Each structure stands twice: as C-alpha cells, then as structure tokens.
Amino acid sequence: MVDLESEVPPLPPRYRFRDLLLGDQGWQNDDRVQVEFYMNENTFKERLKLFFIKNQRSSLRIRLFNFSLKLLSCLLYIIRVLLENPSQGNEWSHIFWVNRSLPLWGLQVSVALISLFETILLGYLSYKGNIWEQILRIPFILEIINAVPFIISIFWPSLRNLFVPVFLNCWLAKHALENMINDLHRAIQRTQSAMFNQVLILISTLLCLIFTCICGIQHLERIGKKLNLFDSLYFCIVTFSTVGFGDVTPETWSSKLFVVAMICVALVVLPIQFEQLAYLWMERQKSGGNYSRHRAQTEKHVVLCVSSLKIDLLMDFLNEFYAHPRLQDYYVVILCPTEMDVQVRRVLQIPMWSQRVIYLQGSALKDQDLLRAKMDDAEACFILSSRCEVDRTSSDHQTILRAWAVKDFAPNCPLYVQILKPENKFHIKFADHVVCEEEFKYAMLALNCICPATSTLITLLVHTSRGQEGQQSPEQWQKMYGRCSGNEVYHIVLEESTFFAEYEGKSFTYASFHAHKKFGVCLIGVRREDNKNILLNPGPRCIMNATDICFYINITKEENSAFKNQDQQKKSNVSRSFYHGPSRLPVHSIIASMGTVAIDLQDTSCRSTSGPTLSLPTEGSKEIRRPSIAPVLEVADTSSIQTCDLLSDQSEDETTPDEEISSNLEYAKGYPPYSPYIGSSPTFCHLLHEKVPFCCLRLDKSCQHNYYEDAKAYGFKNKLIIVAAETAGNGLYNFIVPLRAYYRPKKELNPIVLLLDNPPDMHFLDAICWFPMVYYMVGSIDNLDDLLRCGVTFAANMVVVDKESTMSAEEDYMADAKTIVNVQTLFRLFSSLSIITELTHPANMRFMQFRAKDCYSLALSKLEKKEREKGSNLAFMFRLPFAAGRVFSISMLDTLLYQSFVKDYMISITRLLLGLDTTPGSGFLCSMKITEDDLWIRTYARLYQKLCSSTGDVPIGIYRTESQKLTTSESQISISVEEWEDTKDCKEQGHHRSNHRNSTSSDQSDHPLLRRKSMQWARRLSRKGPKHSGKTAEKITQQRLNLYRRSERQELAELVNNRMKHLGLSTAGYDEMNDHQSTLSYILINPSPDTRLELNDVVYLIRPDPLAYLPNSEPSRKNSICNTTGQDSREETQL
C-alpha cells in the first residue's frame, strides 16, 4: 500500500516560521544539500593562474613589467660597458672578469632576483606534468644564464666581477614583446593582424641580432683592439649590409669565431623571417586587408557581398554605380569568400578603379570580416545571389543567411538584396529593396507576348545612358534608337519643378500632355505626400498638388537641364510666320478655336525645321477635312472618360445574347484564390467559376472529361502562347497572371501551353487550375514531335526559358549553349514563329538567329565593338534580336538593384509596369497598334493629345518595325534562283543548274545532310535500275534535278510536314515559306513630339486603372467570384 503522507509536497516557505513556533521541527530534517560550484578555481594555484595568465588585463600588465625588466638589464649592461675603463694587456682574464661598481651590481642582482622568481612562478603555473619541457625551454635557459650568477655572487662576493652575458636578455625582451602584443589584442577585443605581428617579429629579431653582435664583438675585443660600442655598431652594420669596408676588423680568433657564428645565425634566421613576411604579404594581397576606420569615418562607402565575383558582374556594378555624378567620391568594398579572379585583379589594378574599389576576401557570416569592411559605417550593402549554380534554392539560402548576418551586425545599414526564387522572398522582407529574379523574368516574358519588346523597354529604362550610342552610325534607325535609349525615369517635387509647377491644381493628363508638348518630358506618375504608394497615370481625375512628387521620363533630370529664354524669338516667329490668310490671326489661336490644339506652335522652336507644320483647312477642303482632336481639359469631364469600358469588356458587346450568356457563365473576374508562394501581389484576373480537374490540364492526354490529345483538336480561336521551361517553378505563376489580367478582353485571351521537361507538382497545378485556357505538357523543345503536339505550328509566341541544369558549365559562357542551339533549330524549322528567349549571359545574344554570311549582322558586330570601346554600358543594344525584344538576359536587370541606391522608386515603378504589384488607382502597361485608319493623326504629339483627351492614356514610347535593307542572304539567293529557273524552258536546265550551284555553294560538302542523302539515293536509283527507254531516263534526270534544286527551307518544311502526318496532325496551319527575317524592329522611348507615326507602329501606353472610375457598388459585383472560388479559405503557401 502506498504511503499517502510521503506523497504530500512540502509546505511553502511562508508556513515554516509558523511551524517553528508550534514546535514542528520536521522541516529541519530535510535531506537537501547545498552545492557550491567551481570550487577548483578557489585554490591558491588557480588564483595565481587567473592573475598571471588567464586574466587578459592583469596578464598584459605582468608581461609589460617583464619586458621592462629585460630592457632595464640591457641598459645596465650598456652603462657598465661605458663606465668601464679598459685595461692594457692581452690576457684572457679580461674576457672572464670585468669592472663592476657596487651600485650597479646591486641593481643587476635585484633585476636578476625578480626575473628569476617570475620565471619560476610562471613555469610552475604552466606546468602540465613534464618538468623537462619547462626546463629545456630556451627562454628558461637564458634566464638561468643571466640570473643565477648574480644570485650566487650574493653568497660568494669574489664572483661579483664575473662576466655575465646580460645582453642576451634582449632575446627574452623580444619573447616578452610578442606575448605582450598577443595579450594586447585580447584585452582590447581587436582582431589580431598577422602581418603586424610578423613585421614586429622580423624587426625585433634583426635588432636582437645586431645588439648581440655589437656586445659580443666589443667584449671579445677587450684583448684585441679594444673597440668601443660605436665601433662595434659600425662594424656590425657594415658586415650585415655585405659592404665590408675593412677599416674595422676583429683581431682575436674568438671574436672572429663569434662573427662567423653570428653571420651563420643571421643567414638562417633572417631568410625564414623574410619568407614568412612575404607569404603573409601575398596572403594579405589576396584577402585584401582592412578598410580603415579613419577612412570609414571621413569617406562614404558601400559594401558588395557576393559568393563569387565574375568580371561581367563587377563591371556592370561599377559602370552603373559610378554613372551617377554624386557617387563619384564613394568607395566600393567588395566582400567575397573566394580568391580574387585573375581578370578581376587585372581590372582592379586600373587606376580608375584601384583608387575606389577595395577587395576583401572574407565571409559576410563572420563578424570579423564585417568589421574589416566597416559594415556598420557603410551607406548601403548590396547582397547578390549566384545565378550560375544548378541548385538555385541553395544559392538563395546563402543569400538569406548573408542578409540576416548583415542585419544582425549593422541594423541601420540599408540592404539591397537580390533573390532568385520567389518563395524565398518573404525571409528577407526586412530588406530595404528586394529584386526577385524569377518574378521579373516571367513577368517580362509574359508582357513580351502582349506588348512586344517589353523586356527591351524595361532594360533601357533601368540602364544609365546619355543617349550617345549609335550617333556616328550611317543608319537613321540606329541614331534614333540610340538617342531615345538615353531616357530614364527621374523624380522631382512639383512646386520645385520648372516642368510641372504651372500645372498645380490641374488634372494629371493635362499636365502630362502639356509638359511633353512644351518640354519633351513624359510625366508617368505621382506620389502623394500623405501616401507612400506610387501611382502610374492616376488618370484625369487626379488633381496635381504642390507637394506631389512627379515621376517623368527624360534624357536627364531637370536639375541638370538649362532653360533658354526665347520670348523675343517667339515674338519674331509670331510676327513673321504665324499670320496667314485674311483673318491675320495666329494659327495656334485658330486651331484652338476649332477644337484642336494638336501642336502648340508657340513651341515650334524646339522642333526641327524639317518637321511637319499644321496648315489651316481651306473652304474647298471642308468635305475632306481631317478629324479634329479634342483639347485636353484642365479638369476632367467624367462623362468623356472611356477607360471604364475596359472592365465591362468591349468585346462582349459584339457578341450575341446567347454567346454573352455562355461566356459569362464560363469566365468571371476576381482575385486568384490560391497563391503558390508568400509575397505575391493579388491581381484582378479572369477566372473560372470552378477549378479545372488536374487531368484536364494535361494537353496531350485525354481523360474522362475530354478526348483531345493535341492543341489542334481543342479548336482555339486565338493563337497559342507556348512556354518551354525545365520545371514548373513558382515564378511561372507570374507568367500566367499578366496574360489573364482583368483589363484584357476575353476574346483576346491566348491559350497558354507550358512545355515542361519535368512534371509539375500538385501544388502548382492547384494554383493554375482556376485560370482559363492554361494547359501543360511534359516534353522538350529538343523533340520535334513534342513541339508539334503542343501546337507550335499555330502559336503566336514561343517563350524559351533558360534551363537551370546548364548553369554549371565548365566555361561560364557555355551555360547558354543548349538554349541557343535549340532556339536556332526552332528558328530554322518555323521561321514565322515569334520566339522570345531568355539567356544567362548578355554577350551570347549575338548568336541568336545566327547567320554566318550575313553582311548586316557582321556590320552590327563591328558597331557593337566600337560602342564597347567608347565605354558604353549598352553596347549590345543594336543586336537585332535584342532591339526587337526577342531575347533578353535577366542579368541585365542587375542594374535595377544598383540604380535603386540613387532612385529608391525604380523597383516600385518597374513592378507596377510589369504588373507584379497592383496599387489601387495606379495604371498598367499596355499597347495599341497604329492602323491605316489612325494615320490621320500623323505625329506623336497629336497622338499624345488624342489619347489624353479621350481615354486618359499616357504614351511612353513606340515599337517600330521597318524593312531590313541588307544584302540578300544565302538562303534567299537559293530560293530566288530556283524560282527564276522554273520560269525557263526545260532545254536550258543544265545551264541553270550550274548557275544555281554557283549561287549557293561551290563545295558539295556545304549542302545539308538531307540534300546529300537525297542525291545519293537518286544516284543509286539510277545505277541499280534496269535500262529504261529515253523517256524514262529523262524522267529520272528530271527527278534528280528537282532534288538538287530543292532549297534548305523546302527540305525543312517537308521534314515538318512528314512528322505531322506521322503523328496524325493536320498540316493546314503550317506556313513554311512565311519569313519575317527581312524586317528589323526597335524601340523609341519618349520620342520627340514631331516624330511621324508609321503604319504598324506599336505604341506603349500607361492606361488608368478602370476600377478607379467605378461606383462603390461595382467592385462588389465584380468581386463576387471571390465567394465562389473560395477566397475566404486559407491560402496555401510553399515554404
């Protein structure tokens, strides 16, 4: 039976006094024992050890005292030598006996006693069981030699004049100095400098050698020349410097032997010291030393943290960082754990960079290295991820740890972090500025399919340039393209601005139009004083305030611009050319009274003299007068605003009632119910009422819901957008969202097919199953059958994403090899397909759509080299694939992070343009195409006015396509010659065959493999067949000629058609002869107002937010999809 009383817990302490009064003594019999800890440190030996060794400050004082004693003993020896009167004679007794006065002897005995006692005490405290280890130590032996004779002389007075080599205490002083320096570093909590210690050891060793040699020579020459200390010093310096004048030489054999011994010691000891010093110097050169505290307090610097530093990354950072005038005096401290690359070392030796860039080898996870970089005093810290690694998640983890370490060490240092994967972004939300690579990459690729060359537009906006590229080129498009590429985004407060101050109290669209007409600047957004959010084109309802911050696009910022007073010139222009006709009124006044103020002729001085001018319509031209453009109102009239129609989807108005009912049942508008990662901005999109089963997302597999197995069977009304990627990463979600945004009409939605090398996970499928017409297929662009099944023959755009598995190439630039070759194959097989490619290295863009014998491409290559020699940051901009927006490299967006140090708003504006962030009231990027019906507008300024007065849109640039005037390429020559031959008589076929052979290639080996095999087959057929009649032989000859005359394009087309027939696919949509290779496209950012519009120009627009003009009840109606799609349910996230 369990004793219940033993289980009762003891009473609390407040009851024990009452028990004592009542006589209850049971609590005193408690079996608890008081335990004292660290009793071993209370012993006498441990206390001494704590004072003499363990304690940093007391140990430092003891060693400083010991060092002083040794120096005092050496000083007493010098005094004894100087006071001694050398006696005459060459007796050996002078070597063993000296004249030492009694006071001097007393001082030396005292020093010897203290030194010996301290040595024995320290030996006892550091004793670890082996007494011979303590006795045979060189410092202990030297201490015995220098101290014991003086102690013996106390008891034996006749030995007071015995010679004792006290000068050997200099070596004990050197040993004490080394220990003292170590304790000093420990006491003041500073990192020990190996270079400083090594230099100190070398200098002290050299001084000890010289001092020992001086005293030894002087004492041994007591029986010879009787040298004094100065003569001995002179002899030692001359001897150790290998000069050897010979005027002072030792005479006795003992002194000669001593000199030989000292020279041998010096030849052994000094080279070892110098070697260690040289090694440490080389290691310091590799590690970079320290950034001095004095410089950190007087100069400004930023720190760049990278895992591995490549020359391209370094030059991009330096060129962009130092492109801003106010950053010229900044220092850049690079903190990298790897050794400096040879190319990087060569660049940093250039005087322009050597005075401003400091390389430190170290880790951001070590406080010592962060202290070396003076991170706590830095103006900013840039942390970049290594994108050239196969495991990008691991690279992100390293970046996250670096960011945490810097934030822990220097909480007040602004952080600029680059991350690769979007799911890792929420770990570094504390950073001041974050750029997620995959978010920006997929958003730009998606917008490239809607607004052509969006990637080129963003790249040019975030690069610092003066617009001087291509100005020496004979090509007019290169001059315009290069000049407009200098436009960047700047900001200024409205009341401080000359551009916008006069528009206070007026609408945003009015200010944007008139600022562009008057100054040529493009106002794109504002930020209110009481709101941190930037609003791109807030629309005509936004009234400008004096405290608003205006964001505009221009060649340079307003502070660097000069404004010339042209009042007199305006008056002269008015009196000379502004009055026409009998009314004698200024033309601009007449135009304004007619309801069109397309171009204010008061500002024609800013335009070129060759630009178009408006003329008054005559009476006879009333029937054919151009349509007028309404003026832009100072305060918007809400009845004329048409942007709200976007939300109602204008395309729905054209449908029949039955189609409208079916479309409304199929699609709805709302926020996606699931997000694949934390941190994605919610975007209003086209969604399905019910999510699609996962089996129906597979394009090439039939299921119980549908029986389609290829893209053609679905019968899509719009062309496809195909994305070829290695894996379905979470960043791919940002590709789908812009293509399903609410402002896109339903009839213009393109089906999206994801061609993936690896099957996607269920979490990703759960995020995309709510979007309409989104499918995936497991396959590769290496396989022609997979391309045909996913519908490449009737695709509008083919997006090729660089594969992560190729990042670890032995040669850095070979990481894009597989992607480039695959895209080149697509380019040859499907020449009419618009291919958008992402590369790792911008230098590899020259291999896109490569033609070896294209003279125009060679000319562009020479132009790129010239621009690079001039120091341009955008030397690659004239490559046709980049200018047309068909290729881009995500590394070109690194400058976005660098530029944010000066322009902290650039990341926000870029995210708004790409649709990554949606701020209420902020507009979005879209485009419109100039058709023949729009050519009456004529100029960019009139188009600006037309858009601002009607829809409130703000144009920011033009995407222009022109015919490429170049030498005909080899493939085109082949086709033209073939067509010319077909028109001739068959009798001249042999002659034309030779002409065709000369026009294509003179060597049979230059023909494609398929052509050679076809010719071989034709020859074998002619040899093996029986003897035919003349008619049959002529037929065979004709077949051979037809096979030979086939062009490469026809052979590729036949190959594709055969594969499509083999797979059971229809060949109706394959247009093998359609070729867009004879055109070139480029971007004009913020062109001048008098720029002429051309047919098929694509104008980039920032359109106001349609939701900003809806009644309060309207959003709730449109957001009703949130209830049906489970918006209230908890979103799943991947951590």
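Modeller: A residue counts as buried when its relative accessible area is under 20%, and we shall apply that cut-off to a model that is predicted.

Biologist: Is Glu143 buried or exposed?

Modeller: Glu143 has a relative accessible area of 5%, and therefore it is buried.

Biologist: Which residue forms a salt bridge with Glu143?

Modeller: A salt bridge pairs a side-chain nitrogen of Lys or Arg with a carboxyl oxygen of Asp or Glu within 4 Å. Here the partner of Glu143 is Lys70, with the closest N and O atoms 2.6 Å apart. Because Lys70 lies in helix 3 (residues 56-83) and Glu143 in helix 7 (residues 138-155), the pair ties together parts that are 73 residues apart in sequence. Lys70 is also buried, at 2% relative accessibility.

Biologist: How many residues apart are Lys174 and Glu178 in helix 8?

Modeller: Lys174 and Glu178 are 4 residues apart, about one turn of helix 8 (residues 169-187), and they form a salt bridge whose closest N and O atoms are 2.8 Å apart. Lys174 is buried, with a relative accessible area of 15%, whereas Glu178, at 22%, counts as partly exposed.

Biologist: Which residues gather in the patch of positive charge on the surface?

Modeller: Arg846, Lys862, Lys865, Lys866 and Lys870 gather there. Lys866, placed in helix 32 (residues 855-869), counts as exposed at 53% relative accessibility.

Biologist: Where is Glu529 found?

Modeller: Glu529 is found in the loop between strand 8 (522-527) and strand 9 (535-536). At 63% relative accessibility it counts as exposed, and Glu529 belongs to a surface patch of negative charge whose members include Glu495 and Asp530.

Methods: Residues numbered from 1 in each chain as written. Predicted model: local features only at pLDDT ≥ 70, side-chain atom pairs only at ≥ 80, totals over all residues. Heavy atoms only, no water. Patch = residues over 30% accessible without salt bridge, like charges linked within 9 Å, V, L, I, M, F, W, Y side chains within 5 Å. Areas by Shrake-Rupley, 256 points an atom, 1.4 Å probe, with all protein chains shown as cover. Lys, Arg positive; Asp, Glu negative; His and termini not counted. Charge placed at Lys NZ, Arg CZ, Asp CG, Glu CD. Helix = DSSP H or I, 4+ residues; strand = E, 2+ residues; numbered from the N terminus. Buried < 20%, exposed > 50% of the residue type's maximum accessible area, 1.4 Å probe, protein only.
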